Amino acid sequence: MKISKIKFSNFRIYKGENEIVFETAPSSKNINIIAGKNGFGKTTFLSALIWCFYGKMMVEVEEKHKKDIKNAGGYEKYLATLVNREIKNSFESGDDIQPVVSMEVELTDVAIPSMPCDRVLIRRSYNLSSEIESLEIYIDGLENELTKEVGLELFINDFILPREIAKFFFFDAEKIVTLAEAKSKAELKNLSSAYSEVLGIKKYEDLKKNLETLLVKLRRNGAKPHQKEELQELIDEIAELNELIEINKNKRIAIDTQLITLGSQSEDYQEKLIREGSGITIEELADLRKEQNQLKIDSEEIKGRLKKMIDLVPLVMAGEKLSALEDQLENESFSSTYFNIDISSVSSLKRSIIDKLKDLEISIPKGEEIINVFQQTLVEHTIKNNEDTSVLLDYSPEQIRAVKKIIDEIRNGFNIHFQNIVREEKNNRLASSRVFYKIKQAEARKSNAVAEKLREEKVKIDDEILRLTEKKGGVIEELKRHETYLASKLKRLSELEKNFKLVEADLAKSEVTQNLLDKINTITQRIKEDKKYSLQKSVLLGLKKIMHKSDFVHNVRVNVYDDVMDIVLLDADNRVIDKDSLSKGEQQLYATALLKALVDESGIEFPIFIDSPLQKFDKFHSQNIIQEFYPTVSDQVVLFPLLEKELSEMEYSSLKPFVNKVFIIENTNGASNFNPLKVDHLFNQSKKENGYV
């Protein structure tokens, strides 16, 4: 499936009609470039496409659209924000003008079951005057009964691109690092949800939720009048608690946003104070911060080693008891060794010993007597030794070796090792204090009027950060209290429902529903288990292709349990790689490999639209992305770069063999339009616009 044409009509910054046409014939050149400056409409382009396909359901594609609609005051008011501002102002001023915004997308090679077709046209529009939104779909230029029968919105979702996985086809390359940063249970649930959507499991899970709802309804039908009253009270209380939890979560998100902003402002003031106080450069400041952060990481690592050593302290304090343990192990080990000697094996030595005795001119009968005495003495010694040793521990050889290893570590290296760690911790503390003192000293070195004002502003911000941090602590505490109370209410609800006596008809329905639930759970779990191996392989293959450190990630493991999925990266020693230790560029590479794997697993052929490409990558990784990712991720790829920042001229020269068409977004008097260029002329046009030519 490819997009052959996109037409804008009065959509925000795109005033009037603006059309962009893509080449759809089979070609090795699958990449299209739509370049433009910040504010010219690159991100608007993606928003327009998502609105055209999904309308009010665009909230399910990306969190950003959900927030935009919420901030606008609802979907109806959000629609009004889509109309070009100049057109909207003219209409509100009373001019005779049609305030209509619309988007058209024409698709080719659409595979619709039992319906061969060449082209599908989707047009969504909104009339500000009548406040009516409309959606039209034409198959080969005509309306079709299938689209009307299944519903236009459902037709797009089922036959074009499911909205649940659209986020993987319309994405901001800079923001996909959130895939790599998923750690909390909620974030892992979102990743698992995306995984389920890609594999087509979501329909099973939706059916599962419906069956669970039906099961609850059937159970509640069996409630007696007094039970129904308590049941309703519990349901109301649970609903209220869920609302309170949602409010607290939103509060926490808002506070976190404020803290990030204030933290950035505080750092800016600190930079200015340091420069004002001592003339320290930004590079020197960055080095100080880098050193301070590294010292913090080292401190955590030292504390971890110190904790392990402290765990051995009770054994060290045991002293004589530990020596007695070692002696007992030695005795039991010695006794066991002798007791288990195969005495008959000594006889096999007789012949070789007799041969040696001949050299000493000892006769054979005499030699045999000597050997028999030796054998008898050995047996007597073994029996006596075994009788003298009482078995208290009866450890296996492996256990004995493990205990002896610990004892050797304590005896030979504990004291030195412990002192070294304590010394490291002390040195780390001193180094941290020294760096902190340097920053503070630089900040306080000069007390001129500018420095005083900067310090005053910084103190205000720091006080506000402290206040918000305390407020956040209160919100978190209240949130936990609500969640604990909710858990107790849900438990009480579950206990109450167990006491309901179902009528015979509902009992039969309940049993059938429960059986179906069990089967669906088994099916979904089996699909996830089967598919996770191909996902592991796809992610690893993607990483190997685009990372220049080929041995950095040796393996990938996908863990699936209940409704949570976690992806673990492993090094050559099979140790887990902490994703927090990855640079932002490496995190984006990992997220890019994961995204490509999910797209491949979906089996859906659809164009990929990428905003802010190559922004976090160094030149080595950029080359890998250009050569291994963009040419293979889809038959049609559309990039929205900011030239010289997200795509350099050198990078473009490497990308050029795969480029099909190039457009530049121009803006005149606040209105944007598309200007098609020859592939070789992209940077010439950019230089001309910037006055370099």
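User: How many disulfides does the structure hold?
Analyst: The count is 0 disulfides, a disulfide being a pair of cysteine sulfur atoms within 2.5 Å. This is a predicted model, where local features need pLDDT of at least 70, side-chain atom pairs count only at pLDDT 80 or more, and totals for chains, interfaces and linings use all residues. Residues are numbered from 1 along each chain as its sequence is written, and side-chain values use heavy atoms, without hydrogens and water.

User: Is C52 buried or exposed?
Analyst: C52 is buried, at 0% relative accessible area. Buried means under 20%, exposed over 50%, partly exposed in between (1.4 Å probe, protein chains only).

User: And C117, buried or exposed?
Analyst: C117 counts as buried too, at 15% relative accessibility.

User: Switching to K489. Which helix is it in?
Analyst: K489 is in helix α19, residues 449–498. Helices are DSSP runs (H or I, at least four residues), numbered from the N terminus.

User: Buried or exposed, that K489?
Analyst: K489 is buried, with a relative accessible area of 15%.

User: What is K489 in contact with, leaving aside neighbours within four places in sequence?
Analyst: L234, E237, I238 and L241. Contact means heavy atoms within 4.5 Å.

User: What happens at the start of α4?
Analyst: Helix α4 covers residues 85–92. A side-chain oxygen of N84 reaches to within 3.1 Å of the backbone nitrogen of E86.

User: And just after α4, which residue takes a positive phi?
Analyst: G94, with a phi of about 100°.

Methods. A polar contact is a pair of N or O atoms within 3.5 Å; within protein, one must be able to donate a hydrogen and the other to accept it, and residues adjacent in sequence count only if both atoms are side-chain atoms. Helices (H or I, at least four residues) and strands (E, at least two) are DSSP runs, numbered from the N terminus.
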